[in-house]
Amino acid sequence: MSHFESHIEQIIATLRDEQALRTLTPIAALADGRYSLLADEPQQPLVNLNSNDYLALHDATCHFAGETDLTNSLERLSAKELGSTSSRLLSGDRKEMHQLEQCIAHSLRHESALLFNSGYHANAGILPALKLPGMVVLADKLIHASMIDGIRLSGLPFERFRHNDVTNLQRLIEKHHSSESCQHIIVMAESIYSMDGDLAPLQAFVDLKRAYPKVALYIDEAHAIGVRGAHGYGLCEELGLLSEIDLLVGTFGKALGSMGAYVACSEAVRTLLITRCRSLIYSTMLPPIIVQWILAIWQALPTFSGRRAHLLSLQQELAKQLATLPSQIVPTPESHILPIICGSRERARALAQALLHEGYFIRPIMSPTVPVGSERLRISLTAGLTSSDVKRLCQVILAHLA
Ligand SMILES: Cc1ncc(COP(=O)(O)O)c(C=O)c1O
């Protein structure tokens, strides 16, 4: 074995001893949000609680009353190109990409929008491209790793404010705002937090932006787009704040059941991103067939109100059933994502195992993805689940934690 390989083996052995080794398990999608853990030997179907496919759109044959029938759109895709051939700046650009951007900009009440290959590409690329002299970043303590990577790649000075703590944020804004060298303060947050499912105080952020003119808001709606708002345009739509957010990011890989991402922004920001954003310039664009599909989904989003209502009823059922547990273990649900804080890797694994025995597939979330001591199960509800799935799930959790 080469020196290089033996060093890698040593690191793997240490990680295995620490139970910190991450592994992959191929699973098979069955139907109705059910999965088999062993792709080659379908066994008892498991209810998938790890999925970000919140509207259950991965299965285009499942219908809710009154919504656009996507099977026609799916049939029309078959003749389209499977590959985009290059970066958008070479020969990867297509009419439907501009059409999708215009739809997104219009829906989200922004001048413009720009597509990305994923939420990771968007968040890693946006800040480095928009870096300006005198810019400072203030980021919520719990923002997603992709946003952190964007900050790091930008090399901009940054501080973290306590999670959802507006007073703490305001104190930091005041400190920088009064300094002559500071020209721009970018406040970064998610609208629904991926690991905690709680909501950002978006109205308070907008109030701060109004009070402090150097502030610009960068909000990631990855877990809210499709799910919240009367038309499914996210929590900013629900709160009437769409046009207040300078950089409004969202992804297609979660509730929209596909892949890719967007930022809704001004025309000037889009122009600068096209010229400077490395994750856009130096990466092959999404396949046109995928973009066509996202366009069909985006146009149908307002019609998915039945799925959103069902998801909300599942969330309410979950809240009702688990209301007796202490809030340090199960916080009051604010969205379709609910953490069960187990407090250690072992306890998180044991609960996941107990749920597996009862037909629920949920992977524990370990540190460093979440802080040490807050290892958890992250229940992620989707519109493909039933009320009895949720009731039985709660019985297993309550019995295990009793
Ligand atoms: C808040 C947030 N932003 C961005 C991403 C990355 O999105 P994508 O999966 O499209 O790369 C995620 C993924 O989990 C996320 O939770």
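This is a predicted model: local features need pLDDT of at least 70, side-chain atom pairs count only at pLDDT 80 or more; totals for chains, interfaces and linings use all residues.
The domain assignment of the protein gives two parts, domain 1 (19-48 + 305-401) and domain 2 (80-302). The C-alpha centres of domain 1 and domain 2 are separated by 28 Å. To the contact between them, domain 1 gives 13 residues and domain 2 gives 18 residues.

Helix H1 covers residues 3-17 and has 15 residues. From the first C-alpha of H1 to its last the distance is 21 Å, close to the 21 Å expected at 1.5 Å a residue. H1 is followed by Gln 19, which is placed in the loop between H1 and strand E1 (28-29). The phi of Gln 19 is positive, at about 55°, although Gln 19 is not a glycine. Most residues other than glycine have a negative phi, and most peptide bonds are trans. Pro 368 lies in the loop between strand E13 (364-365) and strand E14 (376-380).

Helix H4 (residues 119-130) takes part in two of the helix pairs, one with H5 and one with H9. The axes of H4 and helix H5 (residues 145-154) come within 7 Å and cross at roughly 30°. Because angles under 35 degrees count as roughly parallel, H4 is roughly parallel to H5. The crossing of these two helices, H4 and H5, is right-handed. On the H4 side, the contact is made by Gly 119, Tyr 120, Asn 123, Ala 124, Leu 127 and Pro 128. These meet Ser 146, Met 147, Asp 149, Gly 150, Ile 151, Leu 153 and Ser 154 in H5. By class, the residues of the contact of H4 with H5 are seven nonpolar, five polar and one charged.

From H4, the residues in contact are Ile 126, Ala 129 and Leu 130, and from H9 they are Val 269, Leu 272, Leu 273 and Arg 276. The residues of the contact of H4 with H9 divide into six nonpolar and one charged, with no polar residue.

A further pair is formed by helix H3 (residues 95-107) and helix H11 (residues 288-300), whose axes come within 9 Å and cross at roughly 25°. That angle makes H3 roughly parallel to H11. The crossing of H3 and H11 is left-handed. H3 contributes Glu 96, Met 97, Gln 99, Leu 100, Cys 103, Ile 104 and Ser 107 to the contact. From H11 come Pro 288, Val 291, Gln 292, Ile 294, Leu 295, Trp 298 and Gln 299. The residues of the contact of H3 with H11 comprise nine nonpolar, four polar and one charged.

Note on methods:
Residues are numbered from 1 along each chain as its sequence is written. Side-chain values use heavy atoms; hydrogens and water are left out. Axes are lines fitted to C-alpha atoms, for helices over the stretch in contact, and angles run from 0 to 180 degrees between N-to-C directions. Helices (H or I, at least four residues) and strands (E, at least two) are DSSP runs, numbered from the N terminus. Angles under 35 degrees count as roughly parallel, over 145 as roughly antiparallel, 65 to 115 as roughly perpendicular and the rest as oblique. A crossing is left-handed if the near helix is turned anticlockwise from the far one by less than a right angle, and right-handed if clockwise. Contact means heavy atoms within 4.5 Å. Ala, Val, Leu, Ile, Met, Phe, Trp, Tyr, Cys and Pro count as nonpolar, Asp, Glu, Lys and Arg as charged, and the others, Gly among them, as polar. The expected span of a helix is 1.5 Å times one less than its number of residues. Domain bounds come from an automatic or database domain assignment.
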